[in-house]
Amino acid sequence: MRAISKNWNLFIIAFIYGTVIAAMNTAATAGGEIAPYFDFTPKQASYFGISLILGGLIGSVINGIILTRTKKFKLLIVSCAAVSLICRSLMAYGYTLNKSWLMILLSFLSGIFTLPLIPTCYEMGVEVTHPLDETFSAAVVTLAEVVMSIILNTTCSHLISEYKKDGCFDTLYILIGV
C-alpha cells in the first residue's frame with residue numbers, strides 16, 4: 001500500500017481519465033437537457049449520442065492498433081485528452097449554430113478521441129502498478145471517474161434546471177474547462 005501512495009503515475013492517469021471521461025459522460029447526459037434550449041429535437045440529440053458511441057468504437061480500434069505497434073501510452077493519453085478538449089469546445093460552439101449535421105460530426109469526432117481513453121488508461125494503470133493486482137489499479141481509475149461524474153452531473157443538471165438557457169451556457173463552459 002505504501003508503494004501505491006508514492007506512485008504518482010497512477011494518480012495522474014486516474015485524474016486524466018476521471019476528468020475526461022466524466023466530462024464526456026456529463027456532456028452526453030446533459031446533451032439531452034441542453035438540446036431543446038438550442039432548438040434541437042430529442043431525436044436529433046439521440047443522433048448526437050449514437051454518433052459519439054460509433055466514433056468511440058472506431059477510435060478504440062485505431063487506438064488499439066497504434067498502442068500495439070508503438071507502446072506509447074503517455075503520448076496517446078495526452079493527445080487524446082487534448083483533442084477531446086478541442087472537440088468539446090467545438091461542440092459547445094456547435095450548439096449555438098443549430099446545425100444538426102455539424103453536431104453529429106463533432107460528436108463523432110469527440111467519440112473517436114475520448115472513448116479510447118477508457119481501455120488505454122486502464123491498461124497503463126495496470127502497467128505502472130505492476131506487480132500489484134490489476135483490480136487495484138482499475139479500482140483507483142474507476143473511482144476517479146465516478147467521483148468526477150457525480151460532481152459534474154449534479155452541478156450541470158442543477159445549472160440547467162435552475163437557470164435554463166444561461167445554465168446551458170454555464171454547463172458548456174464547465175465541460176470545456178474540465
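Let me begin with a term: helices are DSSP runs of H or I with at least four residues, strands are DSSP runs of E with at least two, and both are numbered from the N terminus. What you see is a predicted model, in which local features need pLDDT of at least 70 and side-chain atom pairs count only at pLDDT 80 or more, while totals for chains, interfaces and linings use all residues. Residues are numbered from 1 along each chain as its sequence is written, and side-chain values use heavy atoms, with hydrogens and water left out.

The protein chain has seven helices and zero strands, and its radius of gyration, taken over C-alpha atoms, is 17 Å, close to the 16 Å of the globule rule (2.2 Å times the number of residues to the power 0.38) for 178 residues, so the chain is as compact as a globular protein of that length. Of these 178 residues, 42% count as buried, meaning under 20% relative accessible area with a 1.4 Å probe and protein chains only.

Now to the largest pocket. A pocket is an open set of points on a 1 Å grid over the protein atoms alone, where a 1.4 Å probe fits, with protein on both sides within 12 Å along at least five of seven lines, and lining residues have an atom within 4 Å of a point. The largest one has a volume of about 280 Å³, volume being the space filled by probe spheres set on the points, which are joined across faces, edges and corners. Of its 19 lining residues, the closest to the centre are A27, A28, G31, M91 and Y95.

Which helix gives the most to this lining? Helix 2 does, with six residues.

Key:
Buried < 20%, exposed > 50% of the residue type's maximum accessible area, 1.4 Å probe, protein only.
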